Amino acid sequence: MSSTWINSRQIYSYHFIAKPKWRPCCLCIVTVLFSLAFSTASATSSSDSTVNEYFTAKVNMTYFSQKEEKFVSESKQMGHYVKYGKLGPETAKVIHVMTKKNKSDGCTDLVNAPVNEKWIALIERGDCKFSEKLKIAQKFNACAVVFYNNETTKNTKTLYPNIQRSIEIIQLSTEPSEKDNVVTIFISQTDGKNIVSKIEAFPGHDVKLAITVGPRTHDSTNKHSIESTNNISRTSVLFVSISFIVLMIISLAWLVFYYIQRFRYAHAKERLTRRLASAAKKAIAKIPQRTVKIGDKELESEFDQCAVCIEGYKASDVIRILPCKHIFHKSCVDPWLLDQRSCPMCKLDILREYGMQVHVSIADNTCVE
Ligand SMILES: [Zn+2]
Ligand SMILES: [Zn+2]
């Protein structure tokens, strides 16, 4: 058991009962953690707002109907505008592109692009990057590009961000001006196949598309976008919740620890005060006292007054003679000694003088005499 002997006056400055100094440090850590969590959460939510920037596209298709033997129109909200393409309306006949390799992916030079005529390129997704397909369509003077999916919508959660990145790269690398951009939209496989079927039904009759800007993505019922937005918001909600719970646990643990320390501090201080008072009482009992009688030197006019009440001594006053030979009224010095445990004149420690130092044990937080 490690222990230390200390002077009764030094006891209050002793580190055992010094107030805990780690409180501001913990506050700093908690504040930093909170700021980190919320800055990350806001960064995540700002990426959500990028997803919400997409505009839906409304497509009006005019084709020859064999049943009705005339041109008919059908209008439908199909897919989305690509962010870095031109955002605006476009009307022209649509061509399902064919490459030299007899494919409709638009990854190599086209064989069926009209010359000197306004046209919209219908291109299947896959085989190469969207940016490459767009470059080729622009090379063959397409006024707009409609990409259609090559698979069902279930596996295309990350499709839109991919298109955006791909298109963004080409636009940034070629320093686009307003006139270089063409209307570019992305539609589902079903809508793409529907347009293809109308084109192939009567090769002699053109199929016309009129593309117009629809409402923003968050108003849309499109599955790709909703799924990807839901995924991102689910992740950010989960992240914020976990951060909040972790921070709550840290804060709670800190609070509990802090109050335990405070309680221990108060308890130890109270115990120490009690011990010191009891030791002081015992020491006071050992200090000699006597009653002043006529003829004693204390009654002489040159004799010092009581330093506590600043009054001279009279016959039949009870006085105490401290070990340092300083004299006081018993009624004046006893309350002082009980509280201060030292001579009011020379600060002599009466506990030390009578061998009653209070012993503080660090191991079990108890004070013994
Ligand atoms: Zn006095
Ligand atoms: Zn003294």
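Okay, let's start with helix H6, which covers residues 330-340. Keep in mind that what we're looking at is a predicted model. Which residues of H6 are buried? They're Cys332, Val333, Asp334 and Leu337.

Now for the zinc ion, ligand 2. What holds on to it? The coordinating atoms are SG of Cys324, ND1 of His326, SG of Cys343 and SG of Cys346, at 2.0 to 2.3 Å. If you go along the sequence, the donor residues follow the spacing C-x1-H-x16-C-x2-C. The angles among the 4 donor atoms run from 105 to 118°, and the site is tetrahedral.

Cysteine 324 counts as partly exposed because its relative accessibility is 22%, and buried would need under 20%. Histidine 326 has 25%, so that one is partly exposed too.

Okay, over to another part of the chain. UniProt has an unreviewed entry that lists residues 237-260 as "transmembrane region". In the model, that span is 100% helix and 0% strand, and its end C-alpha atoms are 34 Å apart.

There's also a nonpolar surface patch to look at, about 340 Å², made by Leu238, Ile242, Val246 and Ile250. Where does isoleucine 242 sit? In helix H5, which runs over residues 223-286. Here's a handy thing about helices: an α-helix has 3.6 residues a turn, so residues three or four places apart point the same way. Have a look at the patch on the screen with that in mind.

Conventions:
Residues are numbered from 1 along each chain as its sequence is written. Chains are lettered from A and ligands numbered from 1 in the order in which they are written. This is a predicted model: local features need pLDDT of at least 70, side-chain atom pairs count only at pLDDT 80 or more; totals for chains, interfaces and linings use all residues. Side-chain values use heavy atoms; hydrogens and water are left out. Donors are N, O and S atoms within 2.8 Å of the metal (3.2 Å for Na, K and Ca); water is not among the atoms, so sites may look incomplete. Four donors count as tetrahedral if all angles lie between 85 and 135 degrees; four count as square planar and six as octahedral if opposite donors are over 155 degrees apart and all others between 65 and 115; anything else is irregular. Buried means under 20% relative accessible area, exposed over 50%, partly exposed in between (1.4 Å probe, protein chains only). UniProt positions are given in the numbering used here, feature names are shortened, and annotations may be inferred rather than shown by experiment. Helices (H or I, at least four residues) and strands (E, at least two) are DSSP runs, numbered from the N terminus. Patches are made of residues with over 30% relative accessible area and no salt bridge: like charges are joined within 9 Å, nonpolar side chains (Val, Leu, Ile, Met, Phe, Trp, Tyr) within 5 Å. Accessible areas come from the Shrake-Rupley method with a 1.4 Å probe; for residues, only the protein chains shown count as cover. A salt bridge is a side-chain nitrogen of Lys or Arg within 4 Å of a carboxyl oxygen of Asp or Glu.
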